[in-house]
Amino acid sequence: MRLSTGVDGFDELVDGGLLRNRLYILSGPPGSGKTTFSSQFVTEGARVGEKCLFLSMHETEAELTHDMGAYDFGFEKAAQSGNFQFRNVFDSNAKRLLKGPGGNDFSTGVKNMTNRLVGFINSREIDRLVIDSTMILQYFYPDNHEAFVQFLTSLKRVDATTILISEMTDPTSYADEHYLAHGVVFMHNYMEGDGMRRGVQIIKMRGTDIDSDIYPVDFDDDGLHVRPKRKVEA
């Protein structure tokens, strides 16, 4: 029932991995490791033969491949494996996928967008989905709180394990996605000694025994590593 995230040490914090076909929110400030975590997640999926989709509004496929290619966890090989698809929301194909008929009309537009996205994921039997980030909805449907809730609800119904990246700097300032998701992971930047450190905290994980402590995170040549044997002292 569980799948590996591909992030060294993280699976030990969540009973061996994530429960399949659920929605997980990955939150944190800029530079905390969200994109690297998500890239390792889809790389692991492609490595074991699962179909993966990475939907982004922040960078192109070339930029992501270049940045993740600096690590040795195999992103470039995964991207060329045939099990990986990338879409940038500003590309014409992705815009048609997300916007579809209905334009800015709320009731028609939201329904079409969610139906088209869910249909795309299920028809192509996507196993792992990354959406970077919640700003995608704010771009396509600004000022529509109901649209965001509908979108999240649709994501919970797809036959894929989904990571939705949320740009968030305060781990106590919860939003709709945190309440609706099956799991919430927060990536921290914090001061320790004479420098900035990184950490990870499981805020919520349905069906999983967690302790909600913060654990150190390091970056190495082969990507992001969680240190599950050490806790960050408050």
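Is E44 buried or exposed? In this predicted model, E44 comes out as buried, with 15% relative accessibility against a cut-off of under 20%. Its salt-bridge partner is R47, and the closest N and O atoms of the two sit 2.8 Å apart. R47, by contrast, counts as exposed at 60%. Both belong to helix 1 (residues 34-47), where a spacing of three residues puts about one helical turn between E44 and R47.

That pair is one of nine salt bridges in the count. Another joins the side chains of R2 and D15, at 3.9 Å from N to O. R2 is in strand 1 and D15 in the loop between strand 1 and strand 2, so this contact ties together parts 13 residues apart in sequence. Both ends are partly exposed, R2 at 25% and D15 at 44%. The K229 to E12 bridge (3.6 Å, N to O) spans rather a lot of chain: K229 follows strand 11 and E12 lies in the loop between strand 1 and strand 2, so parts 217 residues apart in sequence are tied together. K229 is exposed at 73%, and E12 is exposed at 52%. R20, E50 and R128 form a salt-bridge network.

Strand 6 pairs in the parallel sense with strand 4 over five bridges, with L55 opposite I131. Strand 7 also pairs with strand 6 in the parallel sense, over five bridges, and here L129 faces T162.

Conventions: Residues are numbered from 1 along each chain as its sequence is written. This is a predicted model: local features need pLDDT of at least 70, side-chain atom pairs count only at pLDDT 80 or more; totals for chains, interfaces and linings use all residues. Side-chain values use heavy atoms; hydrogens and water are left out. Two strands pair if DSSP finds at least two bridges between them. Helices (H or I, at least four residues) and strands (E, at least two) are DSSP runs, numbered from the N terminus. A salt bridge is a side-chain nitrogen of Lys or Arg within 4 Å of a carboxyl oxygen of Asp or Glu. Buried means under 20% relative accessible area, exposed over 50%, partly exposed in between (1.4 Å probe, protein chains only).
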